[in-house]
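Student: I want to see how labels follow from values. Can we work through some cases?

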Amino acid sequence: MPAKTALKNLVATSPFAMEAYWLFNPRRHRNLGRYNLTHLATALPSAIEQARPFAGKASRGKSVFIFATLHYWIEQAAIIGVTLAGLGHRVTLAYLPYGDWRKEVAPFDLRRHALSTRDHLRPAERLIKIVNLLDVAPVVLAQSLQEDIRRVAEYDTMYTDQVEEIDPGSALYGLRLTRDLSAAQSALAYLKQNRPEVALIPNGTILELGAVYRVVKHLDIPVTTYEFNDQREQIWIAQNDEIMRQNTDQLWSDLGSIPLTDAQNERIRKFESARMGARLEGKAARLWQDVPAQGGDSIRTALGLDGRPVVLLATNVLGDSLTLGRNVFSSSMAEWITRTVQYFAGRKDAQLVIRVHPGERLTHGPSMMDVVQAALPEVPENIHVVKPLDKVNTYDLMDFTGLGLVFTTTTGLEMGLNGIPVIACGNTHYRNRGFTLDPKNYDEYFELLNSVLSDVSKYQLTDEQIELTWRYTYYFFFDYPRPFPWRLISFWDDIKTWPVGRVLSSEGLAEFGKTFAQMTGEKLSWK
């Protein structure tokens with residue numbers, strides 16, 4: 001070990017030496033790599049001053065435990081915590097000062113991150129309690145909880161490498177398991193001694209966020225998890241569940257029997273028209289298609305399709321957190337695709353078009369094209385692959401599709417809107433809602449394929465099923481997200497529009513008050 005590194009490690013493990021280094025270093029908040037809280041340093045004092053008058057007048061709320069790691073989640077959690085304090089809640093913000101989930105952090109650098117976070121969050125102590133979980137002595141985990149944390153580390157590895165199978169001996173898995181176990185041990189120790197009435201955790205599936213979520217569940221503490229979609233001023237929240245599971249049971253129970261109004265149907269038409277036309281709609285922050293729809297004839301000709309029935313298989317991105325743990329009868333999405341293309345290799349009476357997710361252009365993991373190539377070194381003439389970079393609008397493919405195959409992608413909803421029968425093969429949120437075909441095992445899956453391909457017209461959705469699809473799609477896209485002022489990606493712009501004082505005002509509470517109440521334990525309901 002180089003002498004400089006050894007000296008840094010020695011300083012990091014000596015509290016007095018580290019504190020002295022920090023106190024007398026004028027550049028202490030600089031050169032912290034990816035870990036950067038400078039935005040928070042600017043915004044937090046103002047947020048605190050805006051929240052304090054409201055906190056002084058608010059009725060006594062709940063004890064709320066918020067956990068965050070990585071600087072961007074910590075920044076937003078601090079503002080959320082201050083806002084909840086303004087609503088009268090007694091908030092504890094616990095954090096782990098990691099700047100990167102993929103790489104080991106040297107003890108010296110981790111200690112610097114911790115001290116920088118302490119300094120930046122110190123002004124908030126006038127309203128909320130701040131806890132660095134690195135300073136909490138760990139306790140031993142029960143065997144069942146250890147197994148839960150191992151599963152989190154597996155998800156972390158899948159998410160990071162964008163794969164579905166992991167090597168337990170890999171450095172990445174070892175890093176993630178060590179970090180997740182450490183987070184869980186410290187969180188368990190703290191929460192046993194300081195049990196809150198409700199916990200609030202971003203994501204809740206992966207990284208230390210997933211580990212602490214499982215500790216909270218183990219202790220049977222009510223918990224809310226949250227994430228963000230592609231729309232501004234919206235948030236997804238789930239109570240006592242991982243939000244990335246997108247469990248819409250309560251939504252559908254509350255609203256599923258209510259037909260749409262003409263205005264709601266028109267809103268769906270505009271929404272789908274914008275997605276089809278590669279246009280932004282409403283508060284959308286990204287496009288769903290790269291090119292506008294041109295009609296299916298040119299695409300059909302380009303792919304060399306003939307009059308045989310066409311089946312459209314729409315993939316997800318490997319390792320996407322919306323696919324983790326979503327297997328129904330397959331061991332993985334890749335296995336399902338492998339067995340599907342092998343099936344169609346023997347079905348010359350049908351044509352399979354595989355639409356590889358355009359999001360793969362932004363990924364570094366294996367492609368679904370690799371999966372197809374491994375399954376079929378020589379792709380037969382009846383199987384066609386639309387690559388991630390191909391300028392093809394998925395809606396054009398639907399023009400000539402007789403059957404859709406999906407794992408969890410919302411393309412299954414879009415096909416249903418157009419009357420196309422869809423076999424849902426992953427545990428997607430719209431499975432078993434009355435408008436998809438939902439096999440429970442491979443035998444049922446292949447029997448369904450045989451039945452549909454024998455007479456595709458027989459399986460086209462009925463008017464009632466199409467109406468049900470429209471109803472579900474509306475409620476999922478427009479009611480499932482809750483109003484919320486600050487999207488993570490655009491956080492610092494959003495807080496200029498919705499500063500804490502405005503959020504806590506009568507105007508802000510009329511817009512977002514219900515969401516904050518549900519984030520802190522009021523029953524989530526769409527009635």
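Tutor: Start with helix α10 (residues 262-276). Glutamate 266 and arginine 269 sit three residues apart in it, so about one helical turn separates them. Keep in mind that this is a predicted model.

Student: What makes glutamate 266 and arginine 269 a salt bridge?

Tutor: Their N to O distance is 3.4 Å. The cut-off is within 4 Å, so the pair qualifies.

Student: Why is glutamate 266 called partly exposed?

Tutor: Its relative accessible area is 35%. Buried means under 20% and exposed means over 50%, so glutamate 266 falls in between. Arginine 269, at 43%, is partly exposed too.

Student: How do you know whether arginine 347 is buried or exposed?

Tutor: Its relative accessible area is 15%. That is under 20%, so arginine 347 counts as buried. Its salt-bridge partner is aspartate 349, with the closest N and O atoms 2.7 Å apart. Aspartate 349 is partly exposed, at 37%.

Student: What makes arginine 502 and glutamate 507 a salt bridge?

Tutor: N to O is 2.7 Å. That is within 4 Å, so the label holds. Arginine 502 has 28% relative accessibility and is partly exposed. Glutamate 507 is partly exposed as well, at 41%.

Student: How many residues does the largest nonpolar core have?

Tutor: It has 133 residues. Helix α7 (residues 171-193) gives the most, with ten.

Notes:
Residues numbered from 1 in each chain as written. Predicted model: local features only at pLDDT ≥ 70, side-chain atom pairs only at ≥ 80, totals over all residues. Heavy atoms only, no water. Core = buried A, V, L, I, M, F, W, Y, C linked by side-chain atoms within 4.5 Å. Buried < 20%, exposed > 50% of the residue type's maximum accessible area, 1.4 Å probe, protein only. Helix = DSSP H or I, 4+ residues; strand = E, 2+ residues; numbered from the N terminus. Salt bridge = Lys/Arg side-chain N within 4 Å of Asp/Glu carboxyl O.
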